[in-house]
Amino acid sequence: MLDMSGLGQRSLPSWNYGQEVLYRFLRLDGSMGTVHPARVLSDDGETLLCWVLPGTSIRVTTSPDGRSPRDLPMAERFGGRRVPARSTWRGTATLRMVFEHEWSSVWWFFEPDGTFRNWYVNLEMPLGRDATGVDRVDGVLDVEVFPDGHWQWKDEHEVDAAMAAGRFDLTFLTRIRAEGERMIALAKAGDFPFDGTYCDARPDPSWTLPSIPESLLIDP
């Protein structure tokens with residue numbers, strides 16, 4: 001299980017513009033899931049703003065026979081052995097705001113021509129940061145928010161399967177859903193970060209793609 005006794009007690013690193021960071025998703029049993037390398041736009045130790053660029057090599061986990069969780073039956077999607085694999089972030093660049101102490105991050109999605117498409121509120125448990133990146137626990141349940149103000153829960157159909165597999169318990173789910181409701185209230189009011197801020201942002205064209213450490217692709 002994850003040891004969270006030191007959270008909030010250590011000196012927090014921060015990163016400068018253009019530096020590489022790792023956006024890591026862990027599970028409550030301590031195993032590692034997806035890892036997205038990113039480039040820093042800004043960071044003050046409390047709020048990290050970073051870009052995940054198209055073409056970036058990322059870490060995913062699959063079943064031992066190579067199937068992604070989305071390709072597995074729902075009853076198997078959140079349980080069973082997983083092995084690391086290399087994949088690629090496809091589509092367009094995604095801007096992400098990661099809050100050090102909040103149970104969510106906000107992602108800005110864009111069309112291929114750079115037009116803003118929508119916000120994605122990734123509900124996740126914060127686990128702090130180290131010198132190389134931030135650690136989170138994905139909450140399965142998410143929220144999509146659109147420029148016209150409407151919103152919707154995402155992946156509600158997966159919650160029961162995740163709980164049945166022991167991915168998290170009712171206490172965790174209650175906290176995640178409360179964070180979703182908090183972010184929905186901000187979206188309804190048109191308050192930051194759903195006020196148009198960063199909707200015209202672009203990644204620095206001089207940046208090269210960040211790299212995934214090869215050690216993260218080895219089956220432990």
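Student: Which residues does Trp151 touch, not counting residues up to four places away in sequence?

Tutor: The model is a predicted one. In it, Trp151 touches Val143, Glu144, Val145, Ile184 and Lys188. Each of these counts as a contact because heavy atoms lie within 4.5 Å. Trp151 itself belongs to strand β10, residues 151-154.

Student: How far apart are the C-alpha atoms of Trp151 and Lys188?

Tutor: They are separated by 8.4 Å, although the two residues are 37 residues apart along the chain.

Student: Why is Trp151 called partly exposed?

Tutor: Its relative accessibility is 28%. Buried means under 20% and exposed means over 50%, so Trp151, at 28%, falls in between and counts as partly exposed.

Student: What makes Ser104 buried?

Tutor: The relative accessible area of Ser104 is 0%, and the cut-off for a buried residue is under 20%. Ser104 therefore counts as buried. The residue is found in strand β7, which covers residues 104-110. Leaving aside neighbours within four places in sequence, its contacts include Phe99, Val121, Leu123, Arg136, Glu179 and Met183.

Student: Is Val35 buried or exposed, and how do you know?

Tutor: Val35 has 0% relative accessibility and so counts as buried, the limit being under 20%. Its place is in strand β2. Beyond four places in sequence, Val35 touches Leu22, Tyr23, Arg24, Ile58, Arg59, Ile212 and Leu216. Val35 and Gly133 are 98 residues apart in sequence, and their C-alpha atoms are 9.8 Å apart in space.

Student: What makes a set of residues a nonpolar core, and which members of the largest one touch the most other members?

Tutor: The members must be buried residues of the listed nonpolar types, joined through side-chain atoms within 4.5 Å. The largest such core has 40 residues, of which Trp51, Trp108, Trp119, Phe168, Phe172 and Phe194 touch the most other members. Among the elements that give two or more residues to this core are β3 (47-52), β8 (116-129), α1 (159-164) and α2 (170-189). A second, separate core of 17 residues includes Val21, Leu48, Val60 and Phe109.

Student: Which residues does Phe194 touch, not counting residues up to four places away in sequence?

Tutor: Phe194 touches Val106, Trp119, Val121, Val145, Met183, Leu186 and Ala187.

Student: How do you know which residues line the largest pocket?

Tutor: A lining residue has an atom within 4 Å of a pocket point. The largest pocket is lined by 36 residues, with Phe25, Thr34, His36, Arg70 and Asp138 nearest its centre. Its volume is about 1,100 Å³. The largest share of the lining, five residues, comes from β9. By class, the lining comprises 13 nonpolar, 11 polar and 12 charged residues.

Student: What is the volume of the second largest pocket, and which residues are closest to its centre?

Tutor: The second largest pocket holds about 380 Å³ of space. It is lined by 21 residues, and Arg27, Leu28, Asp29, Ser31 and Arg167 are the closest to its centre. The elements giving two or more residues to this lining are β4 and β5 (83-88). Its residues divide into nine nonpolar, five polar and seven charged.

Student: Which residues does the annotation "domain: DUF402" cover?

Tutor: According to the UniProt record, an unreviewed entry, the annotation covers residues 67-191. Over that range the chain is 21% helix and 40% strand, with the end C-alpha atoms 40 Å apart.

Key
Residues are numbered from 1 along each chain as its sequence is written. This is a predicted model: local features need pLDDT of at least 70, side-chain atom pairs count only at pLDDT 80 or more; totals for chains, interfaces and linings use all residues. Side-chain values use heavy atoms; hydrogens and water are left out. UniProt positions are given in the numbering used here, feature names are shortened, and annotations may be inferred rather than shown by experiment. Helices (H or I, at least four residues) and strands (E, at least two) are DSSP runs, numbered from the N terminus. Buried means under 20% relative accessible area, exposed over 50%, partly exposed in between (1.4 Å probe, protein chains only). On a 1 Å grid over the protein atoms alone, a cavity is a set of points where a 1.4 Å probe fits but cannot get out, and a pocket is an open set with protein on both sides within 12 Å along at least five of seven lines; lining residues have an atom within 4 Å of a point. Grid points are joined across faces, edges and corners, and a volume is the space filled by probe spheres set on the points. Ala, Val, Leu, Ile, Met, Phe, Trp, Tyr, Cys and Pro count as nonpolar, Asp, Glu, Lys and Arg as charged, and the others, Gly among them, as polar.
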